[in-house]
Amino acid sequence: MGIDKRKRLKDSYYQRFFSLIMIPILSIILVSIVIIRTVLMDASAQNILRIQDNLVTVLGSEVQDVSLRLSHFVYVNNNEIMRTAAKTDTADLSARHHHTGVLTQSFNYAMVPVQDILSAVFYMKDGLSTYLKDEIVLPEEEIRGADWYQAALADQNMVKIGYYDKGVTTSRRSPHTFTVVAALSPGIDVDRDGVIEVAALFMTSKVGSLIRDYDKDPLLGTTMLLDAEGELLLDIDEGRGLLPQTADKGWLEKDGYQQRVRGKRYVYLSTQDQVTGCWFVTAVPASAMYRRFNEAALAILAVTLFLFYLFYRFSDHFMKNIIDPVHRVVEGMRQVEEGSLMVHVEPAGQEELRTMVHSFNHMVRRLKALIAENEEQQRKKHEAEILALQSQINPHFLVNSLSSIRFIAQVSHYDAIGKMAEALMKILSCSFRSNSGFYPFHEELDVLDGFLYLMKIRYSDGFTVDYQVEEDCLDCLVPRLILQPVVENAIVHGFSELEEDIGHIWVAARIEGALLTITVKDDGKGMTKEEIAQALKERVVQGRKSIGLANVDTRLILNFGEGSALQVESQPQKGTCVRLKIPVMRKEGQEDETSADRG
């Protein structure tokens, strides 16, 4: 494990401190803030919606009241008032004045004097008008062209409602005085004289004054009244510029619709009057709705910072008195684990920690001495094993070679004996070298050629050998006599059951990355998995030790480690493939040879 992957004791403490204390507390605080924000936002929205519900109730009640008053005024006493109003449509001023007085008495009796009724007007078909109580200051052309007036004409005997955001009579002409007008166009069954076009009743509404009072509170925003089509009817606090500028009025039905106006975010809350279809819309700045939440969040933040300060003071005390001394011991242990034994930790902290530090220092000194002893023993043992294994191959091979020479000498006097002796001398010269256990690969191939010459004589040319060696492999350093036991195993055991057939051996070598890969392949009888396992162990065969493959495997492991162990692939009747992988070493400098000797 590398040093970059280690977790220092102090880091571990802080990690657990944050994961077990800080993060849970922060999570609880964040959840609390979200809940508080939701609750306060809902409370603010509900407060505004309750105000809108009150406005809806007031407006709906006023609309119903003015509608009932107009209906009563028109239909009372079998339409008597309508007949009297029709008589005022005359050019005779005396008669008009008389009937207007009678009509006024009937109006006062039918309406019962109330302050909210501003005026009653009868608009005649011939263009004349009869006013009761207060005179309307709006131009008559404007009134006759108004939507509510035209709607009454289109649907006779049905009360239609209209609105004005200003005073419409001589007594009440102040701006933002909200006026509700109820209109009815009588049919022939009501106005038998057929002279009255529309009867209208104008009433002042409390909605305007209520909105004016509500708008004084900045937390309640700006409230406006829109008709069913979304057109502005009443705007007391200049809120027109706050309305969304879109033809689609779907935002009225969205709960908590938001948009940014002049760089400031607004929240829109809407309530519709089911009687008139009008909308009360409140545009409130999001900052105003968040004000109470911000105050609560600041209080929570202050408490949180105080708690964190207390945690910090505790951690600082804990670090200085406990964690730091333990951390120094842990750092020393880490250095020992990485192989450094030049470690000495200065005793510090409480008595128990100082005792632990003394024990650690003593352990390091003892460990250093033991490792030095073990390294010396392992070095001597390693050298002894290599020399023993290297020496095993010499008598083993000499017995086989001398047996072949003796066989030839017995059957005939033949010049091949000289060549055999020459080949044997080359092999013996290689075996008895003592200065190094490694030499270039091309020398190993020369020794292998001499061995193959002897084996071909012994086995009457019963096999062939094909070399496939890349040029850059020839100067690579390899252990001495590393191929001969492998090839011998292929000849002696692989071709033991061949009768008249010729065996084939392929010796290939190439460099793959940082490795020299040598492959010895034959088409002999092959081996099972059990036989492969036995071949890699020393065993007694026909009264003598068989050490060929086992010797090579052991030397490779001792020199290069487990990664260079022999790789044997074989199947019965399909031949055997032995693969050796040796780190690339060249005789270009003393460093390579020294590294090779050390393995």
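Helix α11 and helix α13 (residues 548-560) pack at an angle of about 155°, with axes 8 Å apart. That angle makes α11 roughly antiparallel to α13. Angles over 145 degrees count as roughly antiparallel, under 35 as roughly parallel, 65 to 115 as roughly perpendicular, and the rest as oblique. α11 passes α13 in a left-handed crossing. On the α11 side, P485, V486 and N489 make the contact; on the α13 side, G548, L549 and V552 do. These contact residues divide into four nonpolar, two polar and no charged.

This is a predicted model: local features need pLDDT of at least 70, side-chain atom pairs count only at pLDDT 80 or more, and totals for chains, interfaces and linings use all residues. Residues are numbered from 1 along each chain as its sequence is written, and side-chain values use heavy atoms, with hydrogens and water left out.

Some terms come next. Helices (H or I, at least four residues) and strands (E, at least two) are DSSP runs, numbered from the N terminus. Axes are lines fitted to C-alpha atoms, for helices over the stretch in contact, and angles run from 0 to 180 degrees between N-to-C directions. Contact means heavy atoms within 4.5 Å.

α11 (residues 484-494) also packs against helix α10 (residues 441-458). Here the angle is about 25° and the axes are 10 Å apart. That makes α10 roughly parallel to α11. The crossing of α10 and α11 is right-handed. (A crossing is left-handed if the near helix is turned anticlockwise from the far one by less than a right angle, and right-handed if clockwise.) From α10, E444, L448, F451, L452 and M455 meet Q484, V487, E488, I491 and V492 in α11. The residues of this contact divide into seven nonpolar, one polar and two charged.

| Helix pair | Angle | Axis distance |
|---|---|---|
| α10 and α11 | about 25° | 10 Å |
| α11 and α13 | about 155° | 8 Å |

Now the sheet. Five strands form an open sheet in the order β7-β6-β10-β9-β8, with antiparallel pairing. Two strands pair if DSSP finds at least two bridges between them. The edge strands, β7 (232-235) and β8 (257-261), each pair on one side only. From one strand to the next, the twist averages 30°. Three bridges join β6 (residues 222-226) to β7, and the two run antiparallel. L225 has L234 in β7 as its bridge partner. Helix α5 (residues 207-214) lies across β6, β7 and β10 (279-285), running at about 55° to β7.

Note on methods:
Nonpolar A, V, L, I, M, F, W, Y, C, P; charged D, E, K, R; others polar.
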